[in-house]
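Here is a short tour for anyone meeting this structure for the first time. Have a look at the sequence and the fold, then read on.

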Amino acid sequence: MSFIARKRGFSRLLDNRSTLILTLLAPVMIFFVVFNTIPTLWLLGLSFYNFSLTSGMPPEFIGFRNFWAILASKNSIWFDLSRTFTFVICGVTFQTIVGAILGFLFWGSKDMPGRRLALTLLFAPMVLTPVASGTFFRFIFDPTFGVLNYIWRTLFGGGPIDFLGDPNLAFWSVLAVDCWMWTPFMTLMTLAALGSVPKAELEAAEIDRVPFYRRLSLVIWHHGKFIIMLGILLRTIDSFKTLDLIIPMTKGGPGQNTRTVALELNKQAFESFNMGWSSAYAVLLLLISIAMTSVFIFVLNLRRRREGEG
């Protein structure tokens with residue numbers, strides 16, 4: 001009887017809406033605090049210390065000296081940031097444009113034979129891990145026995161091209177693989193955005209003979225812009241911290257042509273074990289990510305605020 005009474009008491013406790021919400025959120029909040037909040041606070045505190053795992057010396061509090069050293073370095077964060085932002089801007093722009101075009105093509109061809117198979121094949125690169133894709137394309141780009149050079153020699157009779165060893169080609173070769181992997185993601189986001197557009201409004205626009213570019217701005221963009229912007233935001237953040245694709249392909253080379261901020265952070269933290277410096281570096285990258293996210297949120301809410309003021 002005591003077990004039945006406890007069970008009934010627990011059921012009555014869950015009947016309270018506030019208690020039910022706290023019960024459901026508690027596991028998520030505990031996970032967030034343990035695996036996100038505490039490591040972030042630890043990272044922030046460690047950034048104010050001079051601490052290396054290989055020195056054998058205890059941590060020494062040095063204030064903001066790590067941050068000043070990073071910002072004052074001419075060949076560290078500024079070069080890495082310029083390469084990283086070039087990688088992000090070029091990659092996300094290409095993926096968004098091509099992904100939107102593919103999304104519109106598949107959206108307007110619902111009766112096309114083999115459409116599901118084509119979509120499955122299109123989304124396949126997105127499922128592969130970046131490490132596997134990087135290793136796969138490293139062999140494709142190989143100047144000696146790579147299939148790309150074989151096609152080049154067969155069709156054009158030219159000499160071998162070292163896609164990953166040439167300083168002028170290595171960066172763009174890595175970027176091409178990134179676009180191959182993640183353009184399907186923007187296609188998926190475009191299809192989701194187009195699926196959120198009410199059919200009644202599209203049919204009304206067609207009856208009124210509204211030009212396509214007007215329908216695109218007044219109807220499609222109006223309803224699907226939040227999904228598209230969310231996809232761009234997710235790709236921007238993910239592209240900003242690209243690491244597992246570059247390591248198997250070039251390891252940052254040749255020279256420093258494919259070195260990004262994530263690669264430099266990985267080198268300092270897990271190869272040099274300079275924990276204080278790398279913690280400060282990670283904090284700066286976190287602030288940059290927060291700034292980029294804030295810009296996207298501001299753009300998304302700009303029209304809403306204008307409508308509210310009007």
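## A proline in a loop

Where is the place of P254? Look in the loop between α11 (246–249) and α12 (261–270), and there you'll find P254. Keep in mind as you go that this is a predicted model.

The peptide bond from G253 to P254 is cis, and its omega is near -5°.

## Two residues with positive phi

The loop between α11 and α12 also holds K251. K251 is not a glycine, yet its phi is positive, at about 55°. With a relative accessible area of 69%, K251 is exposed, because anything over 50% gets that label.

Further along, F273 sits in the loop between α12 and α13 (275–309). F273 is another residue other than glycine with a positive phi, this one near 55°. How exposed is F273? Its relative accessibility is 31%, so F273 counts as partly exposed.

## A helix pair

Now for a pair of helices. Helix α9 (residues 199–207) and helix α10 (residues 212–240) have axes that come within 11 Å and cross at roughly 180°. Angles over 145 degrees count as roughly antiparallel, so α9 is roughly antiparallel to α10.

Which residues make the contact? On the α9 side they are E201, L202, A205 and E206, and α10 brings R215, V219, I220 and H223.

Next stop is T190, which belongs to helix α8 (residues 170–195).

Leaving out residues up to four places away in sequence, T190 touches G99, A100, G103, F104 and I228.

## One cavity inside

Last, a look for empty space. Rolling a probe the size of a water molecule over the atoms shows where such space is left. How many cavities of 30 Å³ or more does the structure hold? There is one, and the largest cavity has a volume of about 30 Å³.

F87, F171, V174, I246, T258 and T260 line this largest cavity. Four residues of the lining are nonpolar and two are polar, with no charged ones.

Methods:
Residues numbered from 1 in each chain as written. Predicted model: local features only at pLDDT ≥ 70, side-chain atom pairs only at ≥ 80, totals over all residues. Heavy atoms only, no water. 1 Å grid on protein atoms, 1.4 Å probe; cavity = no way out; pocket = protein on both sides within 12 Å on 5 of 7 lines; lining within 4 Å. Points joined across faces, edges and corners; volume = space filled by probe spheres on them. Nonpolar A, V, L, I, M, F, W, Y, C, P; charged D, E, K, R; others polar. Helix = DSSP H or I, 4+ residues; strand = E, 2+ residues; numbered from the N terminus. Contact = heavy atoms within 4.5 Å. Axes fitted to C-alpha atoms, helices over the stretch in contact; angles between N-to-C directions. Parallel < 35°, antiparallel > 145°, perpendicular 65-115°, else oblique. Buried < 20%, exposed > 50% of the residue type's maximum accessible area, 1.4 Å probe, protein only.
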